[in-house]
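Please open the structure in your viewer and keep the selection tool at hand. Each stop below names what to select and then describes what is found there.

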Amino acid sequence: MNTSLKWIKRYVPDLECTSQEYMDAMTLSGTKVEGYKELDENLEKIVIGQVTKIEKHPDADKLVICQVNIGTESIQIVTGAPNVFEGAKVAVVLDGGKVAAGHDDKKVEGGIVIKAGKLRGIESNGMMCSIEELGSTREMYPEAPEYGIYIFDDDAKVGADAVKALGLDDVVFEYEVTSNRVDCYSVIGIAREAAATFGKKFYPPEVKVIGNDEKASDYIRVEVTDKELCPRYTARVVKNIKIGPSPKWMQRCLAASGIRPINNLVDITNYVMEEFGQPMHAYDLDTIEGNKIIVRRAENGEKFVTLDGKEHVLDENVLMICDAEKPVGLAGIMGGENSMITDNVKNVLFEAANFDGTNIRLSSKRLGLRTDASGKFEKGLDPNNAEAAINRACQLIEELGCGEVVGGMVDVYPEVRKESRVPFEPEKINDLLGTDLSKDEMLKYLAAVELTLVEKTNEIVAPTFRQDIHCMADLAEEVARFFGYDNIPTTLPKGEATTGKLPFDLRVQQKAREIVQYSGFSQGYTYSFESPKVFDRLRLDKDAPERKAIEIINPLGEDFSIMRTLSVNGMLTSLATNYNRRNKDVKLYELGNIYLAKELPLKELPEEKMMLTLGMFGKYDFFDMKGVIEEFFEKVGMNEIVEYDAKAGKPYLHPGRQANIIYKGEVVGYLGEVHPEVAKDYGIGGRSYIAVIDMTEIVKFATFDRKYKGIAKFPAVSRDLSMVVPKDVQAADIEKIIRQRGGKILESVELFDIYEGEQIQEGFKSMAYKCTFRSAEKTLEEQDISAVMKKILNGLSVLGIELRQ
Amino acid sequence: MINNEIKTKLDSILDKAQESIKAAKDMDIINEIRVKVLGKKGELTAVLKGMKDVAPEDRPAVGQLVNDTRTKIESALETVKTRLEKAQMEARLAAEKIDVTLPAKKYNIGHSHPNTIALEEVERIFIGMGYEVVEGPEIEYDLYNFEKLNIPANHPAKDEQDTFYINSDIVLRTQTSPAQAREMEKGKLPIRMISPGRVFRSDEVDATHSPSFHQIEGLVVDEHITFADLKGTLQEFARELFGPETKTKFRPHHFPFTEPSAEMDVSCFKCGGKGCRFCKGEGWIEILGCGMVHPHVFEMCGIDPEKYTGFAFGVGLERIALLKYEIDDMRLLYENDIRFLNQF
């Protein structure tokens with residue numbers, strides 16, 4: 001909402017403040033000013049002058065030499081403007097003055113300084129200005145010529161300040177009005193707030209009900225078939241319309257609000273719409289058949305052409321204004337081509353109605369037709385405002401000599417909106433705010449915005465334009481706004497102390513971040529939604545459970561249309577980004593949810609699983625990844641042996657280089673090398689690796705409890721086992737046997753060499769383990785060790801393993 | 001007689017030893033001297049062996065003489081040894097000098113995402129003030145995201161927030177505020193909680209918008225909680241987060257689920273409030289929305305609004321991260337380029 005300060009001052013004449021003061025104070029009292037534009041920015045030393053004499057320039061065909069009377073003296077100005085004439089009153093910027101824009105009509109930061117000088121050898125002591133050079137446009141000043149300088153009306157005073165005469169000594173403020181303050185989508189509403197903010201008196205426009213001896217009801221009858229969607233419909237009639245320009249002051253008000261002045265009739269409706277926040281519509285009464293207006297829902301498939309010439313196909317949710325025969329307007333949105341005002345209009349039917357805001361909002365959205373009127377209606381307006389607005393419009397019609405107003409108003413208003421009443425509880429207001437204000441002080445603030453106390457019932461009465469006042473807290477806000485939020489003390493909550501804490505699962509996540517970061521991984525964030533195409537990219541089966549993704553019904557596009565069921569796409573995309581940008585040795589991780597529906601379509605909330613996803617490429621391999629995982633497990637107290645099942649079955653991973661991660665018999669995640677074809681598809685060159693850990697599983701096993709076990713007192717004994725092992729036998733199988741058979745005294749088993757190739761028979765590999773033994777009770781003797789070693793070797797021989805000679 | 005003979009011999013041993021010790025250039029020679037003079041087969045030992053020829057009454061005196069000589073030689077040896085060792089050490093240290101400006105060997109520890117750093121800061125501040133961290137679902141019922149927060153069906157706020165819908169009852173949460181309603185419904189009072197998490201709004205990706213971002217919701221419910229408490233708490237938070245000089249400004253605003261409502265600005269931490277390019281010349285930066293919990297919200301969540309009051313606030317995590325780390329494009333937060341991440 002944009003409004004000029006001058007318009008506000010029409011209702012708060014005593015308001016005196018700088019633009020910045022106004023912006024700050026209004027913002028702090030709750031009417032947020034987003035910014036302002038001073039219309040006289042970069043306009044200096046500009047006066048009204050009158051051209052008294054024009055001569056040809058001796059050396060330039062397109063230039064003329066003007067003598068211009070500027071009140072105090074006559075100065076010579078050379079101009080190329082095509083529209084000057086002797087007697088013309090023009091805006092003259094004097095030597096050393098400033099204009100906002102150049103000859104090309106483009107505004108220049110800081111303005112352009114005009115200096116006296118010579119033009120083709122002839123002295124020129126100033127410049128005559130076009131409306132664009134004065135920082136405005138023909139949109140706002142329709143009387144300005146397309147080319148050439150701005151010519152004032154004959155009554156302009158020579159020597160006077162041209163900026164003032166044009167009404168450019170004004171400031172336009174841009175407000176951000178919150179959705180609860182529908183009344184502030186009007187100049188009156190903002191003026192009321194301004195008056196209360198600055199403690200000045202508010203003078204709302206005095207609306208006089210005028211009209212001739214005739215009755216509007218003799219011209220028109222109104223029938224509303226859906227009072228839910230149209231709680232009120234008022235209509236008045238104006239005869240003998242005389243279309244012409246509206247007065248300059250009205251044009252300036254509209255122009256400053258960003259509304260182009262057109263003619264008196266249109267300008268009056270727009271003026272009242274801005275002033276009262278009540279949109280109105282004018283129909284050519286002579287096009288209305290049967291002297292009747294019917295407000296009804298459209299029929300499904302009904303077609304209608306709006307006054308912009310566009311045809312719309314409607315449905316039963318769209319409210320229509322019709323005459324006895326045909327529809328004539330889309331209620332609250334736009335009138336019809338068939339009833340629109342033309343220059344030849346004689347009689348007008350004015351409509352100021354109240355429509356259901358939600359319905360207008362949804363209809364205008366569905367039709368793709370948003371207008372100033374619908375923008376106001378969709379906030380949900382006060383039906384009591386319609387009457388004042390239509391009377392105001394008729395008053396202006398008569399005052400401006402735009403037509404003859406017919407007496408009376410047709411008003412269909414079955415349920416009159418009542419003002420709301422809230423018990424006045426000053427101690428509760430103080431308790432909520434933490435203040436100690438007196439009852440009288442509160443009443444003073446409330447009265448400033450027309451919230452008054454009824455002593456008899458001890459209730460505050462809120463006028464119907466304040467649809468946001470329903471309870472004590474609402475009154476507290478009004479008090480706080482004008483007392484000043486800044487004046488409310490600052491304290492800390494008292495009462496029972498509480499313990500601040502992080503829940504266990506977040507502590508585990510925190511530990512995960514710590515460990516993987518120490519392992520060199522940096523944290524990334526990726527989106528929760530992705531494209532359903534990722535499933536094919538990841539080579540998932542047609543019936544893979546991951547494909548059962550939750551769909552968004554109004555996504556930003558296919559690429560963001562499903563909620564991810566696995567986290568690898570985000571990681572692969574991020575790796576690819578880094579690869580493409582030639583980043584070397586990249587390690588990334590992400591902690592983010594995947595979303596698993598129990599059934600589709602979704603009936604209840606899905607399971608949200610937090611996944612730790614690791615990804616890397618560069619100088620790393622599978623076992624680096626494995627190391628990070630085991631490091632993490634240990635640090636969250638998962639000290640049992642981690643098992644790896646190579647049959648993870650992930651189609652996006654290398655079939656020979658992937659494994660499920662198993663802890664205490666549960667699959668808690670998987671890792672592997674990215675399948676070369678998938679990597680290629682994503683654009684990642686070389687080998688890359690990912691691991692995905694299901695944090696919801698980890699949380700089941702994790703613990704931060706630690707118990708000290710004592711440090712061994714007796715010495716350890718080591719034995720190396722150098723073996724020839726059939727190629728298919730996995731290290732885990734060997735270690736399992738060594739551990740089982742090693743019994744209690746086996747402290748650790750460690751692979752220290754693995755070799756395939758020359759000297760080793762085809763189909764076999766050489767592996768060397770170091771087994772360390774230690775007893776908690778005694779120093780181990782040779783025979784203790786050899787007995788265990790024998791058991792171990794016997795066990796290993798079952799796998800076809802032989803000691804190396 | 002013998003005694004004198006022995007004495008002369010000892011003197012000569014001592015003189016010779018002292019001479020050769022003095023001339024010794026390295027530890028090997030010192031050790032040689034030690035063996036030659038003091039060793040089992042050494043000269044001094046030989047003298048001791050001659051004791052059998054000494055009269056028994058003279059033996060203690062002779063023994064004393066031998067010992068004195070030994071002590072003197074040992075002391076001489078020790079002095080030279082210390083000197084030589086010192087020289088040796090100095091030579092070694094001199095030889096081992098390194099170029100300390102050669103490159104460091106780093107562990108290449110990974111980096112936290114700026115969002116996470118900001119989040120941990122905020123969590124640390126509020127945990128310190130006795131707040132519990134609580135999580136809520138990202139895919140949420142319309143009921144919690146809107147209805148229980150005083151945003152009924154067809155409320156314009158539902159449009160304004162550009163909600164992603166899964167169906168008519170389930171949405172991608174547009175705010176972390178539903179965590180308020182969920183926490184209040186548990187019925188455990190008093191409440192001091194913050195709830196961080198991911199939220200979604202249907203905004204196209206650009207430098208300042210993202211369809212998915214993060215918020216931190218805060219909620220305090222107890223008897224006698226006031227708007228002054230809200231101001232005090234958030235002022236404390238702002239000072240912790242942006243520095244002790246930070247000033248706060250509360251502006252009236254509107255949120256359906258709080259009344260009175262406010263937006264909080266902090267004095268620009270770049271220019272201290274004088275106005276700069278960073279704060280667009282205003283001296284203030286908008287940081288969060290807040291307010292007193294609306295009595296209707298209390299009612300819908302089963303808390304007696306006559307007995308309890310409370311305040312709530314919501315902070316945009318990305319907003320804090322972008323401001324604090326002067327990141328000029330929100331897209332950087334989701335690209336995961338390590339050249340970006342490694343700066344945090």
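**Before starting**

This is a predicted model, in which local features need pLDDT of at least 70, side-chain atom pairs count only at pLDDT 80 or more, and totals for chains, interfaces and linings use all residues. Residues are numbered from 1 along each chain as its sequence is written, while chains are lettered from A and ligands numbered from 1 in the order in which they are written.

**Stop 1: the domains of chain B**

Select residues 2–95 of chain B, which form domain 1, and then residues 114–341, which form domain 2; the bounds come from an automatic or database domain assignment. The C-alpha centres of these two domains of chain B are 87 Å apart.

**Stop 2: where the chains touch**

Display chains A and B together. Here 76 residues of chain A are in contact with 72 residues of chain B (contact: C-beta atoms, placed from the backbone, within 7 Å). Several elements of chain A each supply at least two residues to this side, among them α2 (19–28), α12 (472–483) and β30 (586–596). Helices (H or I, at least four residues) and strands (E, at least two) are DSSP runs, numbered from the N terminus. The largest share on the side of chain A, 6 residues, belongs to α12(A). By class, that side has 35 nonpolar, 27 polar and 14 charged residues. In this count Ala, Val, Leu, Ile, Met, Phe, Trp, Tyr, Cys and Pro are nonpolar, Asp, Glu, Lys and Arg are charged, and the others, Gly among them, are polar.

**Stop 3: an open sheet in chain A**

Next, select β12, β15, β18, β19 and β20 of chain A, which form an open sheet of 5 strands in that order, with mixed pairing. Two strands pair if DSSP finds at least two bridges between them. Strands β12 (221–224) and β20 (334–335) stand at the edges with a single partner each, so one side of each has no neighbour in the sheet. Strand β12(A) runs parallel to β15(A) (residues 292–297), with 4 bridges between them; Val224(A) has Val295(A) as its bridge partner.

**Stop 4: a covered strand**

Select β35(A), residues 688–694. Is this strand mostly covered or uncovered? It is mostly covered, as 7 of its 7 residues are buried (buried: 20 or more other C-beta atoms within 10 Å of the residue's own; exposed: 12 or fewer; partly exposed: in between; C-beta atoms are placed from the backbone). Ser688(A), Ile690(A), Val692(A) and Asp694(A) lie on one side, with Tyr689(A), Ala691(A) and Ile693(A) on the other. Strand β31(A) (residues 607–617) is antiparallel to β35(A) and joined to it by 7 bridges, and Phe617(A) is partnered with Ser688(A). Strand β34(A) (residues 666–674) also pairs with β35(A) in the antiparallel sense, over 5 bridges; there Glu673(A) stands opposite Tyr689(A).

**Stop 5: the nonpolar cores**

A nonpolar core is a set of buried Ala, Val, Leu, Ile, Met, Phe, Trp, Tyr and Cys residues joined through C-beta atoms within 7 Å. Of the 205 residues in the largest core, Val90(A) and Val348(A) touch the most other members, and α9(A) gives the most residues, 8. A second, separate core of 73 residues includes Val568(A) and Ile690(A).

**Stop 6: a loop residue**

Finally, select Leu400(A), in the loop between α9 (384–399) and β22 (404–405) of chain A. Leu400(A) is partly exposed because 18 other C-beta atoms lie within 10 Å. Its contacts, leaving aside residues up to four places away in sequence, are Ser246(A), Pro247(A), Asn264(A) and Ile268(A).

Key:
Two residues are in contact if their C-beta atoms, placed from the backbone, lie within 7 Å.
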